[in-house]
Amino acid sequence: MSKKNALTAKVVDTKRPTVVGADKHPGWHALRKVAARITTPLLPDDYLHLANPLWSARELRGRVVEVRRETEDSATLVIKPGWGFSFDYQPGQYIGIGLLVDGRWRWRSYSLTSSPAAPISGSGWGRARTVTITVKAMPEGFLSTHLVAGVEPGTIVRLAAPQGNFVLPDPAPQSILFLTAGSGITPVMSMLRTLARRNQIHDIAHLHSAPTESDVMFRAELAALAEDHPGYRLSVRQTRVEGRLDLSRLDWAVPDWCERQTWACGPEGLLNQAEKVWSSAGIGDRLHLERFAVSKAAPAGAGGTVTFVRSGKSVATDAATSLMDAGEGAGVQMPFGCRMGICQSCVVSLVEGHVRDLRTGSEHDPGTRIQTCVSAASGDCALDI
Ligand SMILES: Cc1cc2nc3c(=O)[nH]c(=O)nc-3n(C[C@H](O)[C@H](O)[C@H](O)COP(=O)(O)OP(=O)(O)OC[C@H]3O[C@@H](n4cnc5c(N)ncnc54)[C@H](O)[C@@H]3O)c2cc1C
Ligand code: FES
């Protein structure tokens, strides 16, 4: 490397990371900049971490302050986010949560079940300094079982800022249908808590399915809500006894469903059926969907060695592992959002070789931009990251 290039590389290496929320806390950010000058050669992060593990200039962090059992296989985690987290999220949005397991940061997305803090005029956002997520332990699921049964209060987690388009407008529509099943109730719980707080429960029909009554998350709170608000009508279907909800018979359960704005979240089968029913009624624009999982049905390809060009790392991977997982496993900071093919936050350029879409099996050529969360190597390939 020439002397000039070496100098340039050094400048790039020591560039301070962008701080999430710096624009909202300019005073704090200025203080950090001063601290960065006086703490060189260590980054202020090193000192901040010693003072309080929740303080970081590089990343959002949170501390699990409570783990509360909801049902036999689900739990609510109360998390106190550290500096930089913005509490003005919208009900229905999700966060990324990263947990250090076996020396590796594992990331998943979880809908916020808490209600955003109420704005206090002139002083920014209120003092609700915690958020909650509610996790159902998936049989054979790696992180969810750990979050439900293995996380101790005090654990430090990494966080990705709230995002997502599955949100309620403010003010909310006069008549709403919530269609949920299993853990799909979580984003709707944030909506219900927010509507109750804003006094905007006018006419809500809520159809929820769970295997049995005791599997219904937030059961007592939902019952209390129905008791307190005549405009909220909850109908719980116990699928183990009554079978699954048949959306072609929706007229019977909610006669005016066509006139309502509908938010639906649950297993893929339910959401696929909802899409069909709403679009054949010509009202697809009144249906808002949130999917928790993407079906990766494509037949396996070849796998190969993936090179992450700008990070200078490479890793051998199989045909079923997403490029995002492969990169994170190799220590590359992969951009991400939903981790399931919806938000496009993970898109990078494919420099060389081919990759395969895990959902459809279609192959992408060099020069195209690909979603790393739903693509796998199809032979050796190189990514521009
Ligand atoms: C936007 C968004 C919001 C989410 N919100 C919540 C939430 O509030 N509460 C919650 O419990 N989960 C939520 N999830 C799902 C969550 O991110 C994880 O996918 C889930 O907890 C399983 O993770 P795991 O590590 O245990 O399973 P993994 O080890 O990743 O997967 C194990 C197996 O289960 C399958 N699988 C994974 N997730 C699902 C699923 N949801 N349905 C069916 N099969 C699945 C996988 O394909 C795999 O075969 C959300 C997902 C998204 C994208
Ligand atoms: S992370 Fe959302 S599309 Fe890949």
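**A parallel sheet and its aromatic pairs**

Let's start with the sheet. Five strands make up an open sheet, ordered β9-β8-β7-β10-β11, with parallel pairing. β9, residues 232-238, and β11, residues 287-290, are the edge strands. Each has a single partner strand, so one side of each has no neighbour in the sheet. From one strand to the next, the twist averages 15 degrees. Keep in mind that this is a predicted model.

Now one pairing inside that sheet. β7, residues 175-181, and β10, residues 261-265, pair in the parallel sense over five bridges. F178 has W263 in β10 as its bridge partner.

Next, a helix. α5, residues 186-198, lies across β7, β8, β9 and β10. It runs at about 145 degrees to β7.

On to the aromatics. How many aromatic pairs does a search of the whole structure find? Four. One of them is W107 with F336, a tilted pair: 4.7 Å centre to centre, 50 degrees between the planes. W107 sits in strand β4, and F336 in the loop between α10 and β14, so the pair ties together parts 229 residues apart in sequence. W107 is buried, at 10% relative accessible area. F336 is buried too, at 17%.

Then W257 and W278. Their ring centres are 4.8 Å apart and their planes stand at 65 degrees, so this pair is edge-to-face. W257 is in the loop between α8 and β10, while W278 is in helix α9, so parts 21 residues apart in sequence are tied together. Both W257 and W278 are buried.

Last, back to F336. The charged end of R339 sits over the F336 ring, 4.9 Å from its centre.

Key. Residues are numbered from 1 along each chain as its sequence is written. Chains are lettered from A and ligands numbered from 1 in the order in which they are written. This is a predicted model: local features need pLDDT of at least 70, side-chain atom pairs count only at pLDDT 80 or more; totals for chains, interfaces and linings use all residues. Side-chain values use heavy atoms; hydrogens and water are left out. Two strands pair if DSSP finds at least two bridges between them. Helices (H or I, at least four residues) and strands (E, at least two) are DSSP runs, numbered from the N terminus. Axes are lines fitted to C-alpha atoms, for helices over the stretch in contact, and angles run from 0 to 180 degrees between N-to-C directions. Contact means heavy atoms within 4.5 Å. Rings of Phe, Tyr and Trp (its six-membered ring) pair if their centres lie within 6.5 Å; planes under 30 degrees apart count as stacked, over 60 as edge-to-face and the rest as tilted. Buried means under 20% relative accessible area, exposed over 50%, partly exposed in between (1.4 Å probe, protein chains only). A charge sits over a ring if NZ of Lys or CZ of Arg is within 6 Å of the ring centre and within 35 degrees of the ring normal.
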